[in-house]
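Here's a quick briefing to read with the model open beside you. Have a look at the fold and the ligand, then work down the topics below.

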Amino acid sequence: MAETALASERPRFEHQGIAFGCDYNPEQWDPAVWREDVRLMQQAGVDLVAVNIFGWAALQAADGSFDFTALDEVIELLHNAGIRVNLGTGTSSPPPWLTTRHPEVLPVVEDGTTRFPGGRQAWCPSSPVFRRYAVDLAEAVAQRYGRHPAIALWHVSNELGCHNALCHCEESTRAFRRWLRARHGSIDELNRAWGTSFWSQRYSDWDEILTPKLTLSSRNPGQLLDFHRFSSDELLAHYRAEAAAIRRHSALPITTNFMVTAHIRDLDYWAWAPEMDVIANDHYLDHRLGEPRAELAFAADLTRGLAGGDPWLLMEHSTGAVNWQPVNLAKEPGQLLRNSLTHVARGADAVCFFQWRASLQGSEKFHSALLPHAGTDSDLWREVLELGRIVGALDEVAGARVQADVALLFSWEAWWASDAENRPTHALEYLDQVHALYGALHDLGVTVDVVRPGADLTGYRLVVTPGLYLVSDADAAALDEAVAAGAHALVTFYSGIVDEQDRVRPGGYPGAWRELLGIRVQEFAPVLPGTRIALESGAGATVWAERLEATEAEVVDRFADGPAARRPAVTRRAGGGSAGDAWYLATLLDRAALRDLVRRVVTAAGVRREPGAGAEVEIIRRTDGETVWRFIVNHSAEAIDVDAHGTELVTGSTVEGLLAVPAGAVRVIREERAA
Ligand code: GAL
């Protein structure tokens with residue numbers, strides 16, 4: 001197992017300015033096309049290309065024999081064109097000969113059935129056989145290209161755990177038992193942690209323990225939670241094994257592409273992030289969500305949190321439609337630029353896409369690309385050329401950090417535990433609350449850092465904690481300390497309920513923060529879908545109420561009706577002295593009412609808001625400590641004016657006073673004086 005290097009010792013991703021690039025899958029094309037591809041990449045300003053992402057079958061046609069001829073040629077072509085390579089280990093999807101010879105590497109899902117090859121990622125994360133083959137391939141690739149001057153970055157596998165995170169095969173079962181022994185030490189401790197005295201589940205031997213396969217009733221929540229932790233750790237161990245093989249041959253930075261997104265939740269990226277040399281993320285707009293644009297901003301802010309505030313790489317996004325949603329929407333004219341620069345505004349130092357040239361065959365043939373089926377005589381290609389030009393014009397921003405006064409606490413462990421099989425209501429999921437609170441801040445033009453529970457909160461004026469059901473004592477204390485030191489807090493319902501083993505803290509909810517908030521909840525009282533709840537202020541709410549008493553806090557608003565009528569719905573415990581105020585929200589307010597409450601809280605906390613910013617216009621600042629670059633992303637159908645003095649980088653013009661930002665446009669101002 002590779003040692004985890006200190007962040008300061010890690011190789012850094014060095015690049016001239018903001019990288020512009022894509023996944024490139026030359027194995028799908030004739031070599032004659034490669035030459036045209038490289039020429040067009042140069043025309044578009046592409047300077048970082050990921051290859052060998054799904055290259056295994058092309059490199060290793062049979063066990064034991066590698067053929068690098070084609071990859072050699074592709075890398076040479078790119079190198080000669082001055083394009084840097086983000087080199088994949090190629091281990092994401094095993095070739096058919098491997099799964100035919102070793103069917104034991106295939107994943108088993110929770111109903112106990114095997115998932116077969118023919119798609120991608122058909123492998124068990126705990127399989128030693130798969131691990132051996134994958135590490136051998138990673139080693140062979142690293143050995144061959146470890147000193148090649150074209151290589152800028154190593155790309156381990158691809159989106160680890162996108163499909164295969166939770167495996168229930170016999171190998172996984174054995175690995176789960178080993179992991180549990182290491183975590184709990186003794187079977188008695190495990191029984192305590194999982195609360196197995198309930199429903200006669202007490203274990204007397206490690207060999208009795210299974211992965212949480214499907215049962216007739218609901219499953220043990222402690223077992224499910226530990227299985228999520230185990231599964232995330234297994235894939236991280238896989239990452240480490242491949243990274244160690246690369247490290248034997250190269251000192252360049254190594255990473256893998258995260259999936260910080262609303263529909264993938266199986267990896268605890270807070271645990272993964274410290275092991276990456278640079279953080280990279282894949283993000284696709286999800287039109288199944290209510291507010292895809294705010295979710296993009298949230299994902300970018302969370303990715304920056306994973307990077308500890310440092311710049312990160314947008315490793316994949318799309319120029320237009322994807323192929324995996326029920327209806328795959330094309331982007332509107334200008335949306336490609338707005339999406340891309342929103343990521344840059346929020347800390348990305350690379351704008352990369354899946355993929356270079358749209359496939360003619362395979363599952364993803366209707367997925368957009370930089371070069372569409374329509375070819376270069378297309379509006380999309382012209383937008384790509386314009387984007388490449390603008391990304392080049394922003395090179396000076398690379399390395400700068402984002403400024404934020406507000407921290408929002410987010411946790412994958414809380415997500416797993418909160419969205420349990422049995423819970424007070426299925427009308428709401430963890431992410432719904434997270435997105436609602438983030439959305440209100442976004443509507444108000446407030447820039448937010450998304451950080452882990454327990455993070456250093458020094459310097460934030462406000463810490464927002466939406467629905468953080470699970471929190472350890474130590475992480476809970478970090479919020480108390482931040483408030484004692486002067487930060488304000490806003491905590492919302494169903495936070496601080498259980499400890500890290502999903503054990504309820506008794507004595508009234510939220511056990512972790514009763515004193516901090518000066519409240520005590522006696523009983524949850526969710527309402528049926530469609531039921532409206534009114535507050536005395538006139539605010540509307542849905543989904544949730546609770547029977548709460550304000551022990552030390554002032555009551556800001558009350559439920560006017562519903563199951564908690566006349567009880568407090570919004571409270572505020574005044575900090576007094578140098579401490580901050582601690583606000584609590586006991587229901588899911590309608591969007592406008594939530595925005596009003598959050599406006600009140602951010603105003604009281606002295607949080608800076610960008611004038612003119614809101615849901616339709618995003619304004620974010622990046623700074624290197626001296627220069628400030630202000631990004632203005634105008635999603636609206638109206639032109640807007642902003643006050644500005646400095647140089648506008650997209651148009652290359654000087655601004656003295658008022659800058660007009662046309663409808664749908666993006667502008668980036670290098671401020672003459674730090675605002
Ligand atoms: C990602 C993946 C790419 C491609 C893309 C399509 O999950 O890494 O290979 O499949 O999605 O949106």
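Strands here are DSSP runs of E with at least two residues, helices are runs of H or I with at least four residues, and both are numbered from the N terminus; two strands pair if DSSP finds at least two bridges between them. A word on provenance: this is a predicted model, where local features need pLDDT of at least 70, side-chain atom pairs count only at pLDDT 80 or more, and totals for chains, interfaces and linings use all residues. Residues are numbered from 1 along each chain as its sequence is written, and side-chain values use heavy atoms, with hydrogens and water left out.

**Around strands 11 and 12**

- Strand 12 (residues 448–451) is covered on both faces: Val448 and Val450 are buried on one side, Asp449 and Val451 on the other. Buried means under 20% relative accessible area, exposed means over 50%, and partly exposed is in between, using a 1.4 Å probe and protein chains only.
- Asp405 sits in the loop between strand 10 (401–402) and strand 11.
- With 7% relative accessibility, Asp405 counts as buried.
- The Asp405 side chain makes a polar contact with the side chain of Arg608, at 2.8 Å. A polar contact is a pair of N or O atoms within 3.5 Å; within protein, one must be able to donate a hydrogen and the other to accept it, and residues adjacent in sequence count only if both atoms are side-chain atoms.

**The ligand site**

- Which residues surround the ligand? They are Phe54, Arg120, Asn158, Glu159, Asp282, Tyr284, Glu316, Trp324, Phe354, Glu364 and His367; being near takes one heavy atom within 4 Å.
- By class, that shell has four nonpolar, two polar and five charged residues. Ala, Val, Leu, Ile, Met, Phe, Trp, Tyr, Cys and Pro count as nonpolar, Asp, Glu, Lys and Arg as charged, and the others, Gly among them, as polar.
- Arg120 has a side-chain N or O atom 3.0 Å from an oxygen atom of the ligand.
- A polar side-chain atom of Glu316 is 2.8 Å from a ligand oxygen atom, and for Trp324 a polar side-chain atom lies 2.9 Å from an oxygen atom of the ligand.
- On its own the ligand has 310 Å² of accessible area, and the protein covers 96% of it. Accessible areas come from the Shrake-Rupley method with a 1.4 Å probe; for residues, only the protein chains shown count as cover.

- Nine strands form an open sheet with parallel pairing, in the order 5-4-3-2-1-9-8-7-6.
- Strand 5 (254–255) and strand 6 (257–258) are at the edges of that sheet with a single partner strand each, so one side of each has no neighbour in the sheet.
- Strand 6 pairs with strand 7 (residues 280–282) in the parallel sense over two bridges, and Phe258 stands opposite Asn281 in strand 7.
- Three strands make an open antiparallel sheet in the order 16-17-22. Its edge strands are strand 16 (533–534) and strand 22 (588–589), each pairing on one side only.
- Strand 17 (residues 540–542) and strand 22 pair in the antiparallel sense over two bridges, with Ala541 opposite Leu589 in strand 22.

- Most residues other than glycine have a negative phi, and most peptide bonds are trans.
- Phe354 and Gln355 are joined by a cis peptide bond, with omega about -5°. Gln355 is in the loop between strand 9 (348–353) and helix 12 (379–393).
- Another cis peptide bond joins Tyr509 and Pro510, with omega about -15°; Pro510 is in the loop between strand 14 (488–492) and helix 16 (514–517).
- Asn52 has a positive phi, near 65°, in the loop between strand 2 (48–51) and helix 2 (56–59). Asn52 is buried, at 3% relative accessible area.
- Arg566 also has a positive phi, near 75°, and lies in the loop between strand 19 (554–558) and strand 20 (568–573). Arg566 counts as exposed, at 61% relative accessibility.

**The whole chain**

- The secondary structure comes to 17 helices and 27 strands.
- Buried residues make up 61% of the 675 residues.
- The C-alpha atoms fill a box of roughly 75 × 75 × 45 Å along the principal axes.
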